Amino acid sequence: EVTEADLACIGTQLQREPRDVNAIAYRCPCGKPAVVETPPRLSDGTPFPTFYYATCPNLTSVISTLENSELMSEMNQRLEQDAELSGAYHAAHDDYIAARSALGVDVPEIADISAGGMPDRVKCLHSLVAHSLSVGSDVNPLGDEALSKLPKWWLDAPCE
């Protein structure tokens, strides 16, 4: 259940009013919301494929640092060369869409669109890490890999 305190925290994290938060998908070890579930269609009618959305500024900051490395390029090369990895990544894409579809909101505009570049490429580690944090390990291999490379973001600075 999303509380008023959660929404206030997310508002502080995002520095704006949170929109259409369906659930807290992952809480930071400090207890604050870090990833939210967002419905596939926002209340204003906009299709929104990013079901798992990272909100914690400490988390998004360390992911941004990782995105500025060569990791995404290396991941994309491995996706092209490694059929097993490619298959597991496609399964992560399917998992993402299935979880979003479980809300029972049909949004044809984004029917086969997940996030982060899935299923064929890596274009946003924020989405992949948010997916891994939300569903646990062994679902999104590249999200898990990126997550394993992050420092303990909740220890470096107080969470919002």
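Figure 1. At 34% relative accessibility, Arg27 counts as partly exposed (buried, under 20% relative accessible area; exposed, over 50%; partly exposed, in between; 1.4 Å probe, protein chains only). In this predicted model, local features need pLDDT of at least 70 and side-chain atom pairs count only at pLDDT 80 or more, whereas totals for chains, interfaces and linings use all residues. Residues are numbered from 1 along each chain as its sequence is written, and side-chain values use heavy atoms, with hydrogens and water left out. The side chain of Arg27 meets that of Asp6 in a salt bridge (2.8 Å, N to O), defined as a side-chain nitrogen of Lys or Arg within 4 Å of a carboxyl oxygen of Asp or Glu. Arg27 belongs to strand β1 and Asp6 to helix α1 (residues 4–14), so the pair ties together parts 21 residues apart in sequence. Asp6 is buried, at 7% relative accessible area.

**Figure 2. Salt bridge between Glu145 and Arg78.** The closest N and O atoms of Glu145 and Arg78 are 2.8 Å apart. This pair links helix α6, which holds Glu145, to helix α3, which holds Arg78, across 67 residues. Arg78 is partly exposed, at 31% relative accessibility.

**Figure 3. Contact of α5 with α6.** The axes of the two helices, α5 and α6, come within 8 Å and cross at roughly 95 degrees. That makes α5 roughly perpendicular to α6 (65 to 115 degrees). Leu125, Leu128, Val129, Ser132 and Leu133 of α5 meet Leu142, Gly143, Asp144, Ala146 and Leu147 of α6, contact meaning heavy atoms within 4.5 Å.

Methods. Axes fitted to C-alpha atoms, helices over the stretch in contact; angles between N-to-C directions. Helix = DSSP H or I, 4+ residues; strand = E, 2+ residues; numbered from the N terminus. Parallel < 35°, antiparallel > 145°, perpendicular 65-115°, else oblique.
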